[in-house]
Amino acid sequence: MTGQETAQGPKHKRDLTRRKVVAAGAGAVVAVGVGGAFAVGAFAGEETAAGTGKTAGTSGEACYKLTSETTEGPYYIDADKLRRDITEDQEGIPLTLRLKVIDSDTCKPLANAAVDIWHCNALGVYSGYESMGSGGGGGGGGTPPSGTPSGTPTGTPTGAPPGGGGGGHEEPTDDERYLRGTWRTDRKGEVVFRTVFPGWYQGRCVHIHTKVHVNGTWTDAGYEGGTTCHTGQLFFDETSVLATAEVAPYSANTTSRTTLDEDTIYPGNGTEGGLLKLKYKKGAIAKGVTATLTMGVDPGATQDGTGDSVQPGASASASAA
């Protein structure tokens, strides 16, 4: 980060009201069936799947646990692709990601919220940061140093592990935007994305980043303003990840992999912490995976991308939206 960014924060975090997304074509509309079920044909080859939200509890009773807040990571690019299919030309196992966003206090669905997702490709590379190689900020992709290190390190290491688990925002180094997208929740609080199963890179387990924005305005240009009420990450169980490692192009990824239990970002609390429920044909994961999760959020909160909430009345300039 530059000295200016350190003092003031990245520009995309200082100017929340100017957040816009570029609208995709009309073909991105999702068909929704009766009772919140996603209709067959929303994407070619998809099966019908009902929503997964819990029923509302009694008055004043929290009906669903808050989904854990995690760090944004350094490779967020501010909502510049309004689309449901974020695959572009990336190779990998087809992944249908079905998310339901609800108010954790009332269990009511959050309609018209903007949901961002972004993740690396099968070889651990993030779009917008290809020059940084596998894992973005130092996780593979380069030539290992040779010779004997000179000098002895002193002091305590600072910063996040390689690979984008935390730390400050990095400015994009290229114009690629694959595996990134934003879409609105329907009246049932549901949103569906088509992508590929993420790969891995040094220092992190397999994951997808996500944000939920509320109180903004949908326009012909996209989505503007509002606040970020959730910043989190979505995780994959080890059995499924090991199965993908046997399939090309994942099998060509030689970077050492961090397991779910070893990861320093995953909270270790199952679906509450973002652990996805996966469905695929055993022995044939290459044909595709469906991942689902209900996310309980606090629509009145403003998240700053570090895992902490900004208190009401505080400046929202640090909230990455």
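Predicted model: local features only at pLDDT ≥ 70, side-chain atom pairs only at ≥ 80, totals over all residues.
Reader: Is β5 mostly covered or uncovered?

Author: Strand β5 spans residues 207–214 and is mostly covered, with eight of its eight residues buried. Strands are DSSP runs of E with at least two residues, numbered from the N terminus; buried means under 20% relative accessible area (1.4 Å probe, protein chains only).

Reader: Which residues lie on each side?

Author: H207, H209, K211 and H213 are on one side, and I208, T210, V212 and V214 are on the other.

Reader: Which strand does β2 join, and by how many bridges?

Author: Strand β2 (residues 114–118) is joined to β5 by five bridges, and the two run antiparallel. Two strands pair if DSSP finds at least two bridges between them. A114 stands opposite H213, while V115 has V212 as its bridge partner.

Reader: And what about β8?

Author: Eight bridges link β5 to β8 (residues 227–235), again antiparallel. There, V214 is partnered by T227.

Reader: What is the order of strands in the sheet?

Author: The open sheet has four strands in the order β3-β2-β5-β8, with antiparallel pairing.

Reader: Why is one side of β3 left without a neighbour?

Author: Both β3 (180–184) and β8 stand at the edges with a single partner strand each, so one side of each has no neighbour in the sheet.

Technical notes: Residues numbered from 1 in each chain as written. Heavy atoms only, no water. Buried < 20%, exposed > 50% of the residue type's maximum accessible area, 1.4 Å probe, protein only.
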